[in-house]
Amino acid sequence: MAKTNPLVATTAIILAGGYGTRLKSAVSDRPKPLAEINGRPFLDYQIAHLARAGIRDVLLCVGYGAQMIVEKMGASCHGARLRYIRDWPLRGTGGALRQALPALEASTVLVLNGDSFSGADLRKLVEAHATRPNTQATMLLAWREDREAFGGVTLDDAGQIVAFREKQAGIGPGYVNAGAYVFSRSVLAGIPADRVVSLERDVLPAMVGKGLAGWVDEAAFLDIGTPENYFRAHSFLREDAAA
């Protein structure tokens, strides 16, 4: 009997609500998730990758430029249903996730940052989370020779994240956050609903030693948050790579 794909019953959340301040000099007429790359919105590449993995339900947390995103992306894309949660005023990446909680039914959720793309096997990421006992969150990790622009993540031999290092000069090679996560529903329920909360600065560091795991994938990874990386994305996300 064929193994059931767990992503068919999984909701994916894309955090697509930020201002995209660093990218304004290159993309000034639209919110960052709609930045056009090879004639397609960046969100289209992300949703295509989710759909290929088996995702059929995508929830977009929108804030800045929300109406433009809704009008551009519509109710479905690449065979996946699209739903929208408006986070306004903006409550940060963690706060946006908390606002999405009532729209979720499953015990786990797959989350993507709205400004990064990884070709990682998302099914394996979800399965790795499910098979690790006492794990409340699993972060997708990528290797970088220079982590200065990302900060760093340290893993122990069991795959648990034991430390974060802030962005700093001379941090050297190692693992970085690749912008995708699997969370148990209880993690989202524990985020305060009435204030700004950062996933990267508040939620994840507080989980070190409390069921936060890392999962490494060697697939290429790109963050489009700066003009330099946005222009790189046109070759990185070539038409035949994420159609």
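The legends below describe close-up views of a predicted model.

**View 1. The largest pocket and its lining.**
The largest pocket of the predicted model has a volume of about 1,300 Å³, and 47 residues line it, with Thr 93, Asn 113, Asp 115, Glu 200 and Arg 201 lying nearest its centre. Sorted by class, the lining of this pocket comprises 19 nonpolar, 17 polar and eleven charged residues.

**View 2. The salt bridge between Lys 32 and Asp 115.**
Asp 115, one of the residues nearest the centre of the largest pocket, forms a salt bridge with Lys 32, in which the closest N and O atoms are 3.0 Å apart. Lys 32 is in the loop between S1 and strand S2 (36–37), while Asp 115 is in the loop between strand S7 (108–113) and strand S8 (116–118), so the pair ties together parts of the chain that are 83 residues apart in sequence. Both partners, Lys 32 and Asp 115, are buried.

**View 3. Asp 57 with two arginine partners on strand S6.**
The side chain of Asp 57 meets that of Arg 81 in a salt bridge, with an N to O distance of 3.0 Å; Asp 57 belongs to strand S4 (residues 57–62) and Arg 81 to strand S6 (residues 80–86), and this pair links distant parts of the chain, 24 residues apart. Asp 57 counts as buried, because its relative accessibility is 11%, whereas Arg 81, with a relative accessible area of 45%, is partly exposed. Asp 57 also meets the side chain of Arg 83 in a salt bridge, here with an N to O distance of 2.7 Å. Since Arg 83 lies in strand S6 and Asp 57 in strand S4, this pair ties together parts that are 26 residues apart in sequence. Arg 83 is partly exposed, its relative accessible area being 21%.

**View 4. A network of salt bridges.**
Asp 29, Arg 30 and Glu 36 are linked to one another in a network of salt bridges. The count of salt bridges in the model comes to nine.

**View 5. Helix H4 and the elements that cover it.**
In helix H4 (residues 122–131), the buried residues are Leu 122, Leu 125, Val 126, Ala 128 and His 129. Seen down the axis of H4, these buried residues fall within an arc of 160°, so they line one face of the helix. Ala 130 and Thr 131, on the other side of H4, are exposed. The cover over the buried residues of H4 includes helix H1 (42–53) together with S7, strand S9 (137–144), S12 and strand S13 (212–216).

Trp 88 and Pro 89 are joined by a cis peptide bond, with omega at about 0°, and Pro 89 is found in the loop between S6 and H3. Asn 38, although not a glycine, has a positive phi of about 55°; Asn 38 sits in the loop between S2 and strand S3 (40–41) and is partly exposed, with a relative accessible area of 27%. Asn 134 likewise has a positive phi, near 65°, in a residue other than glycine. The place of Asn 134 is the loop between H4 and S9, where Asn 134 is exposed, with a relative accessible area of 69%.

Key:
Residues are numbered from 1 along each chain as its sequence is written. This is a predicted model: local features need pLDDT of at least 70, side-chain atom pairs count only at pLDDT 80 or more; totals for chains, interfaces and linings use all residues. Side-chain values use heavy atoms; hydrogens and water are left out. On a 1 Å grid over the protein atoms alone, a cavity is a set of points where a 1.4 Å probe fits but cannot get out, and a pocket is an open set with protein on both sides within 12 Å along at least five of seven lines; lining residues have an atom within 4 Å of a point. Grid points are joined across faces, edges and corners, and a volume is the space filled by probe spheres set on the points. Ala, Val, Leu, Ile, Met, Phe, Trp, Tyr, Cys and Pro count as nonpolar, Asp, Glu, Lys and Arg as charged, and the others, Gly among them, as polar. A salt bridge is a side-chain nitrogen of Lys or Arg within 4 Å of a carboxyl oxygen of Asp or Glu. Helices (H or I, at least four residues) and strands (E, at least two) are DSSP runs, numbered from the N terminus. Buried means under 20% relative accessible area, exposed over 50%, partly exposed in between (1.4 Å probe, protein chains only). The arc is that of the directions from the helix axis to the C-beta atoms. Contact means heavy atoms within 4.5 Å.
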